[in-house]
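This report goes through selected helices, loops and single residues of one structure. The sequence and the coordinates are shown first.

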Amino acid sequence: MTWKAKAEKWLAYKDLDKELMKLLLNMDHQSLEDSFYKDLEFGTGGIRGELGPGTNRMNIYTVRRAAKGLAEYICQKGETAKTRGIVIAYDCRRKSEEFALEAAKTAGMLGIKVYLFDELRPTPELSFAVRYLNASAGIVVTASHNPPEYNGFKVYGEDGGQITPSAAQKITGFIKRVEDELSIQVMDVNELQNRGLLTFIGEEIDNAYLEKLKTIQLNKHIAREDGNNVKIVFTPLHGTAKNLVCEGLQALGFSKITLVKEQEEPDSEFRTVASPNPEEHSAFKLAIQYGTEIDADILMATDPDADRLGVAVRNGQGKYAILTGNQLGAIMLHYLLTQKKKHGILPENGAVIKTIVTSEIGRAIATDFGIKTIDTLTGFKYIGEKIKEFEETKQHIFQFGYEESYGFLIGDFVRDKDAVQAAIFTAEVAAYYKSKGKTLFDGLHDLYRKYGFYLESLKSITLKGKEGAEEISDILKSFRENPPKKVAGIKITIIEDYHIGKRFNVLTGQVENIHLPKSNVLKLYLQDDSWISLRPSGTEPKIKLYFSVKSLSENQSAKLLERLENEVINKIEKIKVKIL
C-alpha cells in the first residue's frame, strides 16, 4: 500500500482518535509522507519514533500493533507463557501511561496476564521485575533521552534482557500479519482486572530491587565511615530515578544528597534542559550551580528512564568537569577489580563486557588483572545476551558491563544498563578516593599515567526524514566503496565491516570473519592504534561518528583527536554535496 493510500485510510476511519484526526487534517504534503511512507520498524529495541498520526509515528494504533505482535509471539509458546505474563512499565513522557495501558489492554485481549506498574518507574527496574516475577516478557514505554516529541515501546525477554535479534525477527513476523492497525480489538481495564488478567505492581518490586542494590557494595566500612563526608548533587532530569537513587544512596550510608529542585519532578516537556541527556554538558548547568554553592564532591544526572548516568567532578583547576562514559567506566572498573582482588573474590574466569565503540582502556585495565574483555555490538542488549550465555556455558563469570554512552551494569540481577546501580556504585568509589585525599578526577589521571592517555569523542550528524535516511545510507556506502587510505596523515591498517562480518587487513590483504551478528557499522583502525567508527543510530535520525586515540600525553591525544574529527567530518560534507 502506498503512503497516500495509508493516509487516506486513516482519514476515512470514522472512529479515529480525535486528537490524531485533528493533527492529520492540518498536515502538509511532506509531513503526511514522512508519517506514512513506512511502518515504524520493530527491532531489538522495539519501536521508537515521533508522536503523531501515521504508521511511522508513535500513537495508540502503532502501539497496539506492536503489542499484538508480542502477544501473539507469547501465545505460540503455550498457556504457561501466557500465565507467566508480561510486565509493563512506563516513564514520564507524553502518552507513556496511555500507551502502557493500551499495551496491557491488547495483550489481555489474548488472555495474557499483565503486571502493570502503578506509577512511572526506571527502565532497569522493569528488567529486574521481569526476572523477579518470572514473567515471559517485559515492555517499557520510553524514548530514553530523546527529545520530548518522541516515545517508544521497548521489549524485554524472560531473562530481563532486551530481546535478541532472533526474537525480534519472530515478533516482527507476527506484527506483519496485522493487516489493519486501526481495527485491533482491546479489552477494558476493569474487565481485565475482573478476569484476573491485570495486576498493578509497585512497592513490593521497589523493596526487592533496593535489597539487591546492597549486594553491589564492595566496602561497607567506606560508606559507613566516609559516606557522610561525600557531598552529592543529584538530578533525575525530570525523569524516573529520584526515589530509587535517593533511597539506595541513603540505605548504603550516603546522607548528604542535594536534589536539583527544578529538575527533581517528572516533566514530559523537560523544560529546564535543551536535551534530557546526561551526555549533553548543558544538562549539568543547574547541577553545577548547586555543586558550586555547596562545594559538592560529585554531581550525578540520570536520563528520563534512568538507564544512563552522567557524572561531573572537580578537575585540576577546581572547576566541574563532566566525565565521559569511557572515563567513568574505567574508574568504576578499576575500583571494582582492585577491591575484588583485595577481598579474594575476583574469579579467574571473570569477564568484562564492552561494546565495539567503547574505549580500549577497559581492556587494558582488565588485562592487568588477568581478566578477559569481550566485545559486543553497540547496544546493551548484546551485553545482556552475553551474561545469559555465561550462565548457560559457565565459561565466564560476569564482572562488569559498559558502553561509552553512559551505560553501566555492576550486578546482573538487572540485564540492562542501570543508572541506579551506577549512581550507588559511583558514590562508593568517590568515598574511597576521598578517604585517600583524592577526587575521581585524580583517580582517572592515575589510570592515564598507568595505562596511557586514551581519549575518545562522539560526533552526530542529524539527517531527518526519508531523505535523511537515504543520505545516511549513501555516506556509509561511500566509506565502504572508497575508504580513505590515511586520516590525519596516519595510515589505515584494518577495516572492519560488521555489515558483512569481515575484517580486512589493508597492509597484508588478509580477510577474517567477525563472529558477531551483522550490523550496519564500519570501523577503521589506524597505524597508531587510533580508530574511527561510523554507524547509523538505531533510535534517532542520526549518523554517529566515534573517534578514539591513545598517546603518551593528554595534550598530544587532544590534538590528534581534533585532527581525526575534522578530516572525517570534512569528508562526509563532501559526500553530502555529491549526493545533492
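Contact here means heavy atoms within 4.5 Å. Helices (H or I, at least four residues) and strands (E, at least two) are DSSP runs, numbered from the N terminus. The model is a predicted one, in which local features need pLDDT of at least 70 and side-chain atom pairs count only at pLDDT 80 or more, while totals for chains, interfaces and linings use all residues. Residues are numbered from 1 along each chain as its sequence is written, and side-chain values use heavy atoms, with hydrogens and water left out.

Which residues of helix 16 are buried? They are Phe-380, Lys-381, Tyr-382, Ile-383, Gly-384, Lys-386, Ile-387 and Phe-390. Buried means under 20% relative accessible area, exposed over 50%, and partly exposed in between (1.4 Å probe, protein chains only). Helix 16 (residues 380–393) has 14 residues, which should span 20 Å at 1.5 Å a residue, and its end C-alpha atoms are 20 Å apart, in agreement. The expected span is 1.5 Å times one less than the number of residues. Just after helix 16, Lys-394 has a positive phi of about 65°.

Helix 8 covers residues 165–176, and its 12 residues reach 16 Å from first C-alpha to last, close to the 16 Å expected at 1.5 Å a residue. Its buried residues are Ala-167, Ala-168, Ile-171, Thr-172, Phe-174 and Ile-175. Seen down the axis of helix 8, these buried residues fall within an arc of 160°, so they line one face of the helix. The arc is that of the directions from the helix axis to the C-beta atoms. On the other side of helix 8, Gln-169, Lys-170 and Lys-176 are exposed.

The buried residues of helix 8 pack against helix 4 (60–75). Two packed helices are described by the angle between their axes and the distance between the axes. For helix 4 and helix 8 the angle is about 115° and the axes are 8 Å apart. Axes are lines fitted to C-alpha atoms, for helices over the stretch in contact, and angles run from 0 to 180 degrees between N-to-C directions. The crossing of helix 4 and helix 8 is right-handed; a crossing is left-handed if the near helix is turned anticlockwise from the far one by less than a right angle, and right-handed if clockwise. Helix 4 contributes Arg-65, Ala-66, Gly-69, Leu-70, Glu-72 and Tyr-73 to the contact, and helix 8 contributes Ala-167, Lys-170, Ile-171, Phe-174, Ile-175 and Lys-176. By class, the contact of helix 4 with helix 8 has 7 nonpolar, 1 polar and 4 charged residues. Ala, Val, Leu, Ile, Met, Phe, Trp, Tyr, Cys and Pro count as nonpolar, Asp, Glu, Lys and Arg as charged, and the others, Gly among them, as polar.

## Helix 10

In helix 10 (residues 203–213), the buried residues are Ile-205, Asp-206, Ala-208, Tyr-209, Leu-210 and Leu-213. Elements covering them include strand 3 (114–117), helix 7, strand 6 (198–201), helix 12 (242–251) and helix 17 (419–435).

## Positive phi in loops

Most residues other than glycine have a negative phi, and most peptide bonds are trans. Asn-134, which is not a glycine, has a positive phi of about 55°. Asn-134 sits in the loop between helix 7 (123–132) and strand 4 (137–141) and, at 46% relative accessibility, counts as partly exposed.

Ala-306 also has a positive phi, near 60°, and belongs to the loop between strand 9 (298–302) and strand 10 (309–314). Its relative accessibility is 0%, so Ala-306 counts as buried.

## Single residues

Leu-51 lies in the loop between strand 1 (47–50) and helix 4 and is partly exposed, with a relative accessible area of 21%. Not counting residues up to four places away in sequence, Leu-51 touches Arg-57, Met-58, Arg-94, Lys-95, Phe-99, Pro-148, Glu-149, Tyr-150 and Asn-151. Leu-51 and Pro-148 are 97 residues apart along the chain, and their C-alpha atoms are separated by 9.1 Å.

Ile-294 is in helix 13 (residues 285–294) and counts as partly exposed at 30% relative accessibility. Leaving aside neighbours within four places in sequence, Ile-294 is in contact with Lys-231, Val-233 and Thr-258. Lys-261, in the loop between strand 8 (257–259) and helix 13, counts as exposed at 56% relative accessibility.
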